[in-house]
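The following exercises are to be worked with the sequence and the structure side by side. Each task is followed by a solution in steps.

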Amino acid sequence: MDYEAALDQAISKLHDEGRYRTFIDIERRKGDFPNAVWTRPDGTQQNITVWCGNDYLGMGQHPVVLSAMHEALEAAGAGSGGTRNISGTTVYHKRLEAELADLHGKEAALVFTSAYIANDATLSTLPKLFPGLIIYSDELNHASMIEGIKRNGGAKRIFRHNDVAHLRELIEADDSAAPKLIAFESIYSMDGDFGPIEAICDVADEFGALTYLDEVHAVGMYGPRGGGVAERDGLTDRIDIFNGTLGKAFGVAGGYIAATAKMVDAIRSYAPGFIFTTSLPPAVAAGAAASIAFLKTAEGQELRDKQQLHAKMLKMRLKGLGMPIIDHGSHIVPVHVGHPVHCKSISDMLLRDFGVYVQPINFPTVPRGTERLRFTPSPVHSPDQIDSVVRGMDALWSQCELNRSSAVA
């Protein structure tokens, strides 16, 4: 086989379809988020504003987080020294897991190197713990959940997105005695829509199923202490296993699950994705714990309120221009473009001409024909920066001769 030719063909296909992913060189500046510096291919630099990051509240730059990380770095050094089972458990990891368990009102939590690994490792391990387990998965669940469910070797059922009637239909068709688990998300990140948590929990109670809720895009962002949508809606005690991230609203890195002490102990003891992975550096664990603790406070609620306000402002102004906004009331602002080439072109021109950095979202992240720009306003985006986005989108939408329409459902 001509391996070079095969690689050329695979990469050329992405270019031809307009969905080749380009990584641009960005340098975030401490204390100046969401501003950053873009180094162009020719080596020159331009000041830009980041509009597509998942550091939703700017906690990656917060003095409380940075101070905790500096302190841990000076005390414990850089790396953790190994897996949690050998030498990688520190007081910082234990403190972080205590903060997470408290955040979700659970007995225990378990930290992984990422939320992707937490989902994959947990969902692929559960059938070992519950032989014959059937997992019911929302069709728009994150790739990490899909991968874990595929790899677990057990039975799976896919229900239509947020369709509780279809979920019920699938469960009713299965053996009533079989162990069951329903896996879904609280906020689906590409459309920004909410999962019907209470209705799914009702089905789970009726059929004796466990509930597994991915709150990756909601932790830190919703609820009086940042516990997510389940906390906001008073449903925390109805969720058996929470999955979350430390790399979005909490501004650091890593992922976790929270559940009963016995469930966490079983996953800790059986999941290869936990057992054989070097643990988070102590400084990262310390920064995450400090971020979680801060966002549980009234000051954290002020950040959440301001972020929601800025998201509403941006949606309102883009809607006023006839932009096809996907608006489900969350903090995410997707603008439907519907064509990969146009999506990439607008993204490139926003960066070059307006200093607005927002990456195009193309297939396979979203279905073909639903390509979009996904804006993530933060509490620290200024009104002037919102103005720049609106002016740029208005000009480039006209330049690309795209239709203006009402909001997309």
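A residue counts as buried when its relative accessible area is under 20%, as exposed when it is over 50%, and as partly exposed in between. The model used throughout is predicted.

**Exercise 1. Burial along a strand**

Task: Determine how many residues of S11 are buried, and which way they point.

Solution. 
Step 1. Apply the cut-off to strand S11 (residues 241–245): five of its five residues are buried, and the strand is mostly covered.
Step 2. Recall that in a regular strand the side chains alternate between the two faces of the sheet.
Step 3. Sort the residues by direction. Ile241, Asn243 and Thr245 point one way from S11, while Phe242 and Gly244 point the other way; all are buried.

**Exercise 2. The strands beside S11**

Solution. 
Step 1. Tyrosine 212 has isoleucine 241 as its bridge partner in S11, and leucine 213 has phenylalanine 242.

**Exercise 3. The faces of helix H2**

Task: Check the span of H2 against expectation, then find where its buried residues lie around the axis.

Solution. 
Step 1. Helix H2 (residues 63–76) has 14 residues, and at 1.5 Å a residue it should span 20 Å; its end C-alpha atoms are 20 Å apart, which agrees.
Step 2. List the buried residues: Val65, Ala68 and Ala72. Seen down the axis of H2, they fall within an arc of 70 degrees, so they line one face of the helix.
Step 3. Look at the other side of H2, where Pro63, His70, Glu71 and Glu74 are exposed.
Step 4. Ask what covers the buried residues: the cover includes helix H3 (91–103) and helix H11 (282–295).
Step 5. Follow the chain onward to glycine 77, which comes after H2 and has a positive phi near 85 degrees.

**Exercise 4. Aromatic pairs**

Task: Classify the pair of tryptophan 51 and phenylalanine 375 and that of phenylalanine 194 and tyrosine 222.

Solution. 
Step 1. The structure holds three aromatic pairs. In one of them, tryptophan 51 and phenylalanine 375 lie 6.4 Å apart centre to centre with 75 degrees between the planes, an edge-to-face arrangement.
Step 2. Locate these partners: tryptophan 51 is in the loop between strand S3 (45–50) and H2, and phenylalanine 375 is in strand S16 (residues 372–375), so that the pair links distant parts of the chain, 324 residues apart. Both residues are buried.
Step 3. For phenylalanine 194 and tyrosine 222, the ring centres are 5.9 Å apart and the planes stand at 85 degrees, so this pair is edge-to-face.
Step 4. Phenylalanine 194 belongs to strand S9 (residues 193–194) and tyrosine 222 to the loop between S10 and helix H8 (229–232); the pair therefore ties together parts 28 residues apart in sequence.
Step 5. Compare with the cut-offs. Phenylalanine 194, at a relative accessible area of 21%, is partly exposed, whereas tyrosine 222, at 5%, is buried.

**Exercise 5. Serine 189**

Task: State whether serine 189 is buried or exposed, and which residues it contacts.

Solution. 
Step 1. Serine 189 lies in the loop between strand S8 (187–188) and S9.
Step 2. Its relative accessible area is 13%, so serine 189 is buried.
Step 3. Leaving aside neighbours within four places in sequence, serine 189 is in contact with His217, Ile332 and Arg374.

Note on methods: Residues numbered from 1 in each chain as written. Predicted model: local features only at pLDDT ≥ 70, side-chain atom pairs only at ≥ 80, totals over all residues. Heavy atoms only, no water. Pairing = 2+ DSSP bridges. Helix = DSSP H or I, 4+ residues; strand = E, 2+ residues; numbered from the N terminus. Expected span 1.5 Å × (residues − 1). Buried < 20%, exposed > 50% of the residue type's maximum accessible area, 1.4 Å probe, protein only. Arc of directions from axis to C-beta. Contact = heavy atoms within 4.5 Å. Phe/Tyr/Trp six-rings, centres within 6.5 Å; stacked < 30°, edge-to-face > 60°.
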